[in-house]
Amino acid sequence: MSATLAPHIERVLYRPEEAAATLGIGRSLIYEEIRLGRLRTVRIGRRRLVPPEYVAQYVELLKREAEAVTRTA
């Protein structure tokens with residue numbers, strides 16, 4: 001019996017821990033950013049999940065903040 005590889009499935013929603021790993025930050029920081037409203041999420045039942053486009057929007061927010069600091073420095 002030969003083993004078959006499962007097809008690569010692109011994630012549509014990340015758990016907060018997965019979003020944190022994608023961003024290279026810790027679990028506590030991801031939940032803090034969610035709590036502050038800086039990283040948006042969706043809810044399914046009691047679960048809080050992060051669509052990839054919200055991760056991208058968060059990165060853009062960080063870039064804008066970095067540019068603002070650079071301009072004022």
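This is a predicted model: local features need pLDDT of at least 70, side-chain atom pairs count only at pLDDT 80 or more; totals for chains, interfaces and linings use all residues.

Colleague: How many salt bridges does the structure hold?

Modeller: The structure holds seven. One of them joins the side chains of glutamate 17 and arginine 27, at 3.2 Å from N to O. Glutamate 17 sits in helix H1 (residues 16-23) and arginine 27 in helix H2, ten residues apart.

Colleague: Is arginine 27 buried or exposed?

Modeller: Arginine 27 is exposed, at 53% relative accessible area. Glutamate 17 is partly exposed, at 29%.

Colleague: And arginine 38, what does that pair with?

Modeller: Glutamate 65, with the closest N and O atoms 2.5 Å apart. Arginine 38 is partly exposed at 26%, and glutamate 65 is partly exposed at 30%.

Colleague: How far apart in helix H3 are glutamate 60 and lysine 63?

Modeller: They are three residues apart, so about one helical turn separates them. Their side chains form a salt bridge at 3.3 Å, N to O.

Colleague: Which residues are linked in a network of salt bridges?

Modeller: Arg11, Arg15 and Glu18.

Colleague: Changing topic. Where is threonine 41?

Modeller: Threonine 41 is in the loop between helix H2 (27-36) and strand S1 (42-44). Its side chain makes a polar contact of 2.9 Å with the side chain of arginine 48.

Colleague: What else does threonine 41 touch?

Modeller: Leaving out residues up to four places away in sequence, its contacts include Ile34, Leu49, Val50 and Tyr54.

Methods:
Residues are numbered from 1 along each chain as its sequence is written. Side-chain values use heavy atoms; hydrogens and water are left out. Helices (H or I, at least four residues) and strands (E, at least two) are DSSP runs, numbered from the N terminus. A polar contact is a pair of N or O atoms within 3.5 Å; within protein, one must be able to donate a hydrogen and the other to accept it, and residues adjacent in sequence count only if both atoms are side-chain atoms. Contact means heavy atoms within 4.5 Å. A salt bridge is a side-chain nitrogen of Lys or Arg within 4 Å of a carboxyl oxygen of Asp or Glu. Buried means under 20% relative accessible area, exposed over 50%, partly exposed in between (1.4 Å probe, protein chains only).
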